[in-house]
Amino acid sequence: MLQPKDRGFVHPVASEITPRPVFESRRRWIAAATAAAVLGPRVALAQNQAAGKGTPLAGARSTVPGAITMEKPTSFADATRYNNYYEFGLDKSDPAEHAHTLKTRPWTVAVEGEVRKAGTFGIDDLLKLAPMEERVYRLRCVEGWSMVIPWLGYSLAELIRKVEPTGNAKYVQFVTLADRAQMPGLRSSVLDWPYVEGLRLDEAMNPLTLLTFGMYGQVLPNQNGAPMRVVVPWKYGFKSGKSIVKIRFVEQQPATSWSLAAPQEYGFYSNVNPTVDHPRWSQATERRIGEGDLFAKKRPTLMFNGYEAQVGQLYAGMDLKKWY
């Protein structure tokens with residue numbers, strides 16, 4: 001190695017010169033390490049994409065504030081094998097096992113109610129309605145587990161603006177497909193079918209509310225809500241309706257499936273809130289899927305699932321323990 005001297009530099013002896021192949025190998029290693037440090041979550045995403053075998057779906061990296069968390073994405077295998085989708089069964093593994101029966105073509109979505117341009121949209125038309133974006137969101141389930149998933153879609157606001165809500169539209173209701181021929185879970189009486197969810201109109205218009213068509217660089221797998229779902233990242237997962245066939249714009253707050261089934265446990269808003277416990281368990285911590293087994297160390301739950309800066313103003317002045 002060159003050593004500085006008072007009169008300049010002395011030449012190294014031959015034994016101190018790093019051989020060129022070793023130097024180039026080190027340089028490649030340093031470059032790879034630097035890329036991993038800067039692009040770690042992106043590298044993990046690429047690996048997750050490679051794990052999927054579905055139809056590719058591309059999207060530009062979103063520039064919506066808060067739309068990209070730099071946390072490590074959950075593995076594709078975990079995200080597609082550990083699901084709540086009761087239409088295909090109550091166990092977490094049931095949707096992956098049974099959802100192959102779902103036929104996602106042809107598929108239409110009816111838009112009804114307080115809009116000037118009501119109508120029926122084909123899924124392929126909806127895919128082309130706005131540029132597709134990639135967003136890496138946290139997903140927090142009311143049962144206490146969480147994931148980080150790279151979704152593909154565009155802001156629901158794009159569709160809302162297209163159908164032009166009237167002044168009477170205050171809420172948006174989402175209706176999931178209920179077809180006993182395709183969905184064996186409908187034999188269960190755990191809920192009244194079809195599954196229905198809803199948002200206040202300003203929640204639906206928030207840029208983070210995603211009309212979702214894909215994940216991990218491919219179209220949505222059936223068990224994750226194909227061919228179209230919504231993702232509302234600051235709310236518990238059950239608020240993000242799957243396999244949507246109808247969107248209604250209404251004046252009054254709509255009844256939703258879980259608030260009808262157990263109103264003391266599931267409120268209309270269902271914002272992620274570590275200070276408001278479920279009647280049967282705490283919401284203060286969560287278990288990230290893929291970070292060990294049931295006994296792995298839990299992480300603190302974030303207010304609004306970490307999206308408070310983007311959505312907190314929607315609930316200014318509200319008692320979030322009363323309006324849970």
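Here's a quick tour of this protein chain, from its overall build down to a few single residues.

Keep in mind that you're looking at a predicted model, where local features need pLDDT of at least 70, side-chain atom pairs count only at pLDDT 80 or more, and totals for chains, interfaces and linings use all residues. Residues are numbered from 1 along each chain as its sequence is written, and side-chain values use heavy atoms, with hydrogens and water left out.

**The big picture**

- The protein chain has 8 helices and 15 strands; these are DSSP runs numbered from the N terminus, with helices (H or I) of at least four residues and strands (E) of at least two.
- Of its 324 residues, 49% are buried, where buried means under 20% relative accessible area, exposed means over 50%, and partly exposed is in between (1.4 Å probe, protein chains only).
- Take the contacts (heavy atoms within 4.5 Å) in the protein chain with a separation of 6 or more: 72% of them come from residues 24 or more positions apart.

**The nonpolar core**

- A nonpolar core is a set of buried Ala, Val, Leu, Ile, Met, Phe, Trp, Tyr and Cys residues joined through side-chain atoms within 4.5 Å.
- The largest one here has 76 residues, and Phe213, Met228, Trp234, Ile247 and Phe249 touch the most other members.
- Strand E7 (residues 145–155) gives this core its largest share, 6 residues.
- If you ignore residues up to four places away in sequence, Trp234 touches a whole list of partners, including Glu203, Leu208, Val272, Phe304 and Tyr315.

- How many residues of strand E6 (residues 133–140) are buried? The count is 8 of 8, so E6 is largely enclosed by the rest of the structure.
- In a regular strand, side chains alternate between the two faces of the sheet.
- In E6, Glu133, Arg135, Tyr137 and Leu139 point one way, while Glu134, Val136, Arg138 and Arg140 point the other way, and all are buried.
- Two strands pair if DSSP finds at least two bridges between them.
- E6 pairs with strand E3 (residues 60–61) in the parallel sense over 2 bridges, and Arg61 stands opposite Glu134 in E6.
- E6 also pairs with E7, in the antiparallel sense over 8 bridges; here Arg138 sits opposite Val148 in E7.
- E6 and E7 form a hairpin with 4 residues between them, and Gly144 in the turn has a positive phi of about 110°.

- Check the peptide bond from Trp193 to Pro194: it's cis, with omega near 5°. Pro194 is in the loop between strand E8 (171–176) and strand E9 (196–200).
- The peptide bond from Ala226 to Pro227 is cis too, with omega near -5°. Pro227 lies in the loop between strand E11 (218–219) and strand E12 (229–231).
- Glu164 isn't a glycine, yet its phi is positive, near 55°. Glu164 lies in the loop between helix H5 (156–163) and E8, and it's partly exposed, with a relative accessible area of 30%.
- Tyr216 has a positive phi as well, about 50°. You'll find Tyr216 in the loop between strand E10 (210–215) and E11, and at 1% relative accessibility it counts as buried.

**The largest pocket**

- On a 1 Å grid over the protein atoms alone, a pocket is an open set of points with protein on both sides within 12 Å along at least five of seven lines, and lining residues have an atom within 4 Å of a point.
- The largest pocket has a volume of about 500 Å³; grid points are joined across faces, edges and corners, and the volume is the space filled by probe spheres set on the points.
- Its lining has 29 residues, and Asn84, Tyr85, Gly237, Phe238 and Lys242 lie nearest its centre.
- E6 and E7 each supply at least two residues of the lining, with E7 giving the most, 4 residues.

**A look at His278**

- Is His278 buried or exposed? At 4% relative accessibility, His278 counts as buried.
- His278 is in the loop between helix H7 (257–261) and strand E14 (285–288).
- Leaving aside neighbours within four places in sequence, His278 is in contact with Val142, Glu265, Tyr266 and Gln283.
- His278 and Tyr266 are 12 residues apart along the chain, and their C-alpha atoms are separated by 8.2 Å.

Definitions and conventions. On a 1 Å grid over the protein atoms alone, a cavity is a set of points where a 1.4 Å probe fits but cannot get out, and a pocket is an open set with protein on both sides within 12 Å along at least five of seven lines; lining residues have an atom within 4 Å of a point.
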